[in-house]
Amino acid sequence: MSNKQIIHTDKAPAAIGTYSQAVKVGTTVYLSGQIPLVPETMEVVEGDFTTQTHQVFRNLQAVAEAAGGNLQDAAKITIYLTDLGNFQLVNEVMAQYFEQPYPARAAVGVKELPKGVPVEVEAILELN
C-alpha cells in the first residue's frame, strides 16, 4: 500500500498500544477507537458519562482535522458501550457533533474497554 499515510496529532491522545491514531488510504481515513483520555495528561477525563463521551468526540474531531477533514466527513462510526443503557445519552452528545445527513452507525455492548472507561468510538471518514 504505497498510498497509506499515518495520521498523528498531539491534540488527541497518543496511541496506548500498537496502532496509529488514524490511517489514510486514498480519500478514506480509518480512525482508531478513542476513549475519554485528555491528550495532555493521558488520563481519563473526570466527570460523568456525558462528559466522558464529549471527550471521546473531541478526540475524534482532532484526529479527523489532522487528516484534513472533520467529523461531518464520517461515513460510518462504531460505538462501544459497557452499558447499553447509555445509548440515549450517546445520541444526545452525538447530535452536538454531527449534522444531517448522519453517518451510518453501530452501537455494540461490550464487557469492558481499555482503562475501565464506559465508551469508545471509532470512525471511517470519506474525504472529498
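A residue counts as buried when its relative accessible area is under 20%, as exposed when it is over 50%, and as partly exposed in between. With that in hand, here are some exercises on this predicted model.

**Exercise 1. Glu112: buried or exposed?**

Step 1. Find the residue: Glu112 sits in the loop between strand 7 and strand 8 (119-126).

Step 2. Compare its value with the cut-off. Exposed means over 50%, and Glu112 has 60% relative accessibility, so Glu112 counts as exposed.

Step 3. Look at a neighbour in that stretch. Lys115 also has its place in the loop between strand 7 and strand 8. At 53% relative accessibility, Lys115 is exposed too.

**Exercise 2. What span should helix 1 have, and how far apart are its end C-alpha atoms?**

Step 1. Work out the expected span. The rule is 1.5 Å times one less than the number of residues; for the 18 residues of helix 1 this gives 26 Å.

Step 2. Compare with the model. The end C-alpha atoms of helix 1 are 26 Å apart, which agrees.

Step 3. Helix 1 is mostly covered, with 13 of its 18 residues buried. After helix 1 comes Gly68, whose phi is positive, near 95°.

**Exercise 3. In what order do the six strands of the open sheet lie?**

Step 1. Read across the sheet: the order is 1-2-3-8-6-7, and the pairing is mixed.

Step 2. Name the edges. Strand 1 (4-7) and strand 7 each pair on one side only.

Step 3. Note the twist, which averages 15° from one strand to the next.

Step 4. Zoom in on one pairing. Strand 6 (residues 74-81) and strand 8 run antiparallel and are joined by seven bridges. Among the bridge partners are Ala74 and Leu125, the latter in strand 8.

Step 5. Helix 1 lies across strand 1, strand 2 (22-25), strand 3 (28-34), strand 6 and strand 8, at about 150° to strand 3. Helix 2 also packs on the sheet and touches strand 6 and strand 7, with its direction at about 145° to that of strand 6.

**Exercise 4. Which residues have the most contacts inside the largest nonpolar core?**

Step 1. Recall the background: in soluble globular proteins, nonpolar side chains tend to be buried together.

Step 2. Name them. The largest nonpolar core has 27 residues, and Leu31, Phe57, Ile77, Ile79 and Val121 have the most contacts inside it.

Step 3. Trace where the core comes from. Strand 3, helix 1, strand 6, helix 2 and strand 8 each give two or more residues, and the largest share, seven residues, is from helix 1.

Step 4. Return to Phe57. Leaving aside residues up to four places away in sequence, Phe57 touches Leu71, Val93, Met94, Tyr97, Phe98 and Val121.

**Exercise 5. Where is the cis peptide bond?**

Step 1. Recall that most peptide bonds are trans.

Step 2. Locate the bond: Gln100 and Pro101 are joined by a cis peptide bond, with omega about 0°. Pro101 lies in the loop between helix 2 and strand 7.

Note on methods:
Residues numbered from 1 in each chain as written. Predicted model: local features only at pLDDT ≥ 70, side-chain atom pairs only at ≥ 80, totals over all residues. Heavy atoms only, no water. Helix = DSSP H or I, 4+ residues; strand = E, 2+ residues; numbered from the N terminus. Buried < 20%, exposed > 50% of the residue type's maximum accessible area, 1.4 Å probe, protein only. Pairing = 2+ DSSP bridges. Axes fitted to C-alpha atoms, helices over the stretch in contact; angles between N-to-C directions. Contact = heavy atoms within 4.5 Å. Core = buried A, V, L, I, M, F, W, Y, C linked by side-chain atoms within 4.5 Å.
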